[in-house]
Amino acid sequence: MSNVPLAPEQASTIAPKIDLVLYVLTGLSAFFLFAVCAILVFLAIRYRKGTKVNRVIENPDAKALELTWTIIPTIMGIAVFVWTALVYFEYSRPPENAMEILVTGKQWMWKIQHPNGKREINQLHVPLGVPVKLTMTSEDVIHSFFVPVFRVKRDVLPNRYSDLWFEATKTGTFHLFCAEYCGTDHSRMVGQVVVMEPEEYELWLSGANVGVPAASAGEKLFTKLGCVTCHEGTSPRGPALKGVFGKEVQLQTGEMIVVDEDYIRESILNPQAKLVAGYPPLMPTFQNQIREQDLFTLINYIKSMSDEQNAKSGTTS
Amino acid sequence: MSTVAIAPESALMPKRHYANVRHSVASWLLTTDHKRIAILYLVSITLFFAVGGFFAMMVRLELLTPKGDLLDGDTYNKMFTLHGIIMIFFFLIPSIPAVLGNFLIPLMVGAKDLAFPKINLFSWYLYIIAGVVAVTALVKGGVDTGWTFYTPYSSTYAKTEVFLAVSAAFVAGFSSILTGLNFIVTIHKMRAPGLTWFRLPLFVWAHYATSLIQILGTPIIAITLVLVAVERIWGKGIFDPSLGGDPVLFQHMFWFYSHPAVYIMILPGMGVISEVITCFSRKRIFGYEFIAFSSLAIAIVGFLVWGHHMFVSTQSTYAGMVFSFLSFLVAVPSAIKVFNWTATLYKGEITFEAPMLYAFGFIGLFTIGGLTGLFLAAMATDIHFHDTYFVVAHFHYVMVGGMVMGFLCGIHYWWPKMTGRMYPPLLASIAAALVFVGFNCTFFPQFVLGYLGMPRRYHEYAQEFQVLNVMSTAGASILGLGYFIPGVYFIWSLFWGPVAGPNPWHAKGLEWQTTSPPPTFNFEEDRPIVVEEAYAYSIEGAESVS
Ligand code: HEC
Ligand code: HEM
Ligand SMILES: [Cu+2]
Ligand SMILES: [Cu+2]
């Protein structure tokens, strides 16, 4: 019996913070539960039929009592709420400098792609002490990426990107689970997260199975799929994509929209949905023609064009 | 005391009562008597409880070992799905309202029947039609979407009988809407002279709040389920993004009903507890208005917290904060009730009959269930607990520890009224203790499992989760026994139980002022007139000074 764990390891920066909320909630709950049970048992024994005790109720000030036990739990609840909301905020905001890894969920496996193009399945290698942001999408139904020792979980949706970030604080091999029911082998949609020392991770990254780095692979795709014909060159028929990521563009409806992963994704798969102001609806749809991972590569490429831009403008100014 | 003539003690068992006026099968199947309809419901939900229980047993047996060796993945998925659908739509939602509420509300308000007796019968038929459709789905191969029917899995990917299952839930919903409507009209229009709103038993208040939720919430789930069917059959894009839909929209619509629905599954239980606690401590309820209004508060705020099921669904952070905040608030009215029940014991004259034991069990287990709800309402901890066994433990504590306990409590309390006979009291107390112990052994380990990270709906699991799962399965067998025993002695009691008389517990309330079992039109004499508040219990030599 001694090998029954009662708590999962804490292996990320957020884990101790979440656990602290948990301990405090457990403490408060145990106190309330104990108080209610103790009073209940005490009253039940003391006032059981047949005992000779004073049963005359003298002018009970019921209102004051009611207000006390309404207001005190309310205040405690609000206090816990504020605190837990702050912790949640941290969890929901990936740091700017996070390393980005793509996760694609699919019945019933996890496909991972590292920044240098290296791919793996049902395994996620990450460096210790480096914030990692996962950009996740699904090829079919909803899944949910769950690493108990990191205390993080986020649904993985089809046709949309969701992100999740963590910073590992312990090396080792940990469970990765799919937490959203997704059909027959839901319980086999599991894998491992391997946390390594950063140097080891670099070594691992450059080891076998290295793909083409995302950026140059992106450039190839951009040419192969014909995006260049409209988006680059001397007389482009579509808007220039350099530097567009992270900026606002105006749509034909007059609405302003920030260019992010989801927007680019939609622009490629369903270009007519949001037309850029001043351009005709020329762009063909690439729905069902691009694999999920290539789509991500393209998006990364468009992003990288923007990074170069930003870097340049950064040095000149 | 109200001014109702109590049947003379000699006429302990009336010769003619609602159950024996006629004997033919047709006289039951075509009855419009709310009491007979309640019995029809009692028999039907008990059957469904047994079927749902069988599926639960299969699930627990499979989980004895980490490998999926008893059932294959698809079968396991069907087992937990059918367990959930049957227990929720065919047992819990109708349990207390359609059985006890149906039987007692007209009696408690001093009426001859519900406002619309034929609609009442129609509700039961809808329920049965829904049941037949559900059983058809089961026989044709089952469903594997989980009771939550999340899209796009349910609408596009599942290859099982989703359409039939969804139709079953849809039709059952209408049964529930009509019952709610019937209760609301009855409570508004048919109260006996002198029975003002604030003299109503809290059981009636609880059902009033429940009915509001049923009427306002159930149409939403009906629409949602129709949309799933439309997408599944005609391929119209509503929830499936590859057809242009939005899968998260489904979750919003589903929980907009299903969160309030969890209160459909607890408020009636709370109503039962208020009746039983007062009777066996011979006390007026403490804080009548607070309990009554907390039911309404739950019904209203309960409609505004659905997003707490979706903190990790990519719902916006700010929406999440609002939902989290309101979820903390919705726990307060539940806490108020627990405090008031406890305070009711103060200076009472307490006895420990079986219904009272169940009521104590309810308070303990519901408190744990409600408190763990806070762990899930807190966003920071919910990101870890969501979709793990912690959630499974939480909702079983409230729904089984709460509502099923409440149902058993109520059945034990009103059984003599419904049948005119008693059950063996010692055996009943032993069963109550078994249920309590078995329940905790089954579900407490699941809190730890959830914390360790075991996801729910897993057919195979990691080795280190085994010990706790074995404990849980062992507990479930005790729990099963605890549920089985009452089944046996209730049937025994029907034939050989000692005659109970009109008011074996010396309880207040109009339902106790007629014979047991009551005559077809409930009260032999004229309508009762009420001249005092509910729970006007008094203990000899201890008249309240206030
Ligand atoms: C036939 C010409 C054509 C081709 C080929 C084409 N596009 Fe476009 N694209 C356009 C036009 C015109 C627009 C502006 C109207 C609109 O929003 O659809 C546009 C808009 C966009 C936008 C939105 C830009 C902004 O500033 O908001 C993105 C991103 C984009 N295209 C990416 C791609 C990618 C990636 C490919 C290759 C897979 C591609 N396009 C191929 C013509 C084209
Ligand atoms: C006392 C206040 C309560 C609070 C604050 C609360 C909170 C929550 C939260 C936040 C969740 C979502 C957890 C998640 O999926 O991550 C949840 C799940 C659930 N709760 Fe409660 N709850 C309370 C009472 C109840 C009651 C009274 C019932 C039923 C009688 C109930 C039944 C359920 C069910 C069925 C689920 C899970 C549904 C599913 O995913 O299948 N809860 N609760
Ligand atoms: Cu899954
Ligand atoms: Cu809820």
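In which loop of chain B is B:Arg457 found?

Analyst: B:Arg457 is found in the loop between α16 and α17 of chain B; helices here are DSSP runs of H or I with at least four residues, strands are runs of E with at least two, and both are numbered from the N terminus. The model is a predicted one, so local features need pLDDT of at least 70 and side-chain atom pairs count only at pLDDT 80 or more, while totals for chains, interfaces and linings use all residues. Residues are numbered from 1 along each chain as its sequence is written, with chains lettered from A and ligands numbered from 1 in the order in which they are written.

Although B:Arg457 is not a glycine, its phi is positive, at about 60°. B:Arg457 counts as buried because 23 other C-beta atoms lie within 10 Å; the class requires 20 or more such atoms, exposed means 12 or fewer, partly exposed covers the range in between, and C-beta atoms are placed from the backbone. Another arginine of chain B with a positive phi is B:Arg282, at near 50°. B:Arg282 sits in the loop between α10 (267-281) and α11 (288-301) of chain B, and is buried because it has 23 C-beta neighbours inside 10 Å.

Helix α16 of chain B contains B:Gly450, which is buried because 27 C-beta neighbours lie inside 10 Å. Apart from neighbours within four places in sequence, B:Gly450 is in contact with B:Phe385, B:Thr388, B:Tyr389, B:Phe390, B:Val391 and B:Ala393; contact means that the C-beta atoms, placed from the backbone, lie within 7 Å. B:Ala431 is 19 residues from B:Gly450 along the chain, and their C-alpha atoms are separated by 29 Å.

The segment after α17 of chain B holds B:Pro517. The peptide bond between B:Ser516 and B:Pro517 is cis, with omega about -10°. A cis bond also runs from B:Thr151 to B:Pro152, with omega near -5°; B:Pro152 belongs to the loop between α5 (117-139) and α6 of chain B.

In total, 73 residues of chain B are in contact with 73 residues of chain A. On the chain B side, α3 (73-92), α6 (153-157), α12, α13, α14, α16 (425-452) and α17 (466-496) each supply at least two residues. The largest contribution to that side is from α12(B), with 14 residues. Its composition by class is 44 nonpolar, 22 polar and seven charged residues, where Ala, Val, Leu, Ile, Met, Phe, Trp, Tyr, Cys and Pro count as nonpolar, Asp, Glu, Lys and Arg as charged, and the others, Gly among them, as polar.

Ligand 2 has 25 residues around it, of which B:Val262, B:Gly373, B:Leu376, B:His386 and B:Phe395 come nearest; a residue is included if its C-beta atom, placed from the backbone, lies within 6 Å of the molecule. Helices α12 (317-345), α13 (354-377), α14 (379-385) and α15 (389-419) of chain B give two or more residues each to this shell. With seven residues, α15(B) gives the most. The shell consists of 14 nonpolar, ten polar and one charged residues.

Ligand 1 is surrounded by 27 residues, the closest being A:Cys227, A:Cys230, A:Gly238, A:Tyr279 and A:Met283. Two or more residues of that shell come from each of α5 (227-231) and α6 (261-269) of chain A. Its make-up is 21 nonpolar, five polar and one charged.

The domain assignment of chain A, from an automatic or database source, gives domain 1 (1-51 + 94-210) and domain 2 (214-316). Their centres, taken over C-alpha atoms, are 33 Å apart. Eleven residues of domain 1 of chain A are in contact with eight residues of domain 2 of chain A.

The mean pLDDT is 86, with 92% of residues at 70 or more; pLDDT is the predictor's confidence in each residue, from 0 to 100. The lowest mean in chain A is 67, in helix α7 (residues 292-316), and the highest is 97, in strand β6 (residues 143-147). Over residues 311-317 of chain A, pLDDT stays under 50 and the model has zero contacts beyond four places in sequence. Where pLDDT is low, the predicted coordinates should not be read in detail.

Conventions: Two residues are in contact if their C-beta atoms, placed from the backbone, lie within 7 Å.
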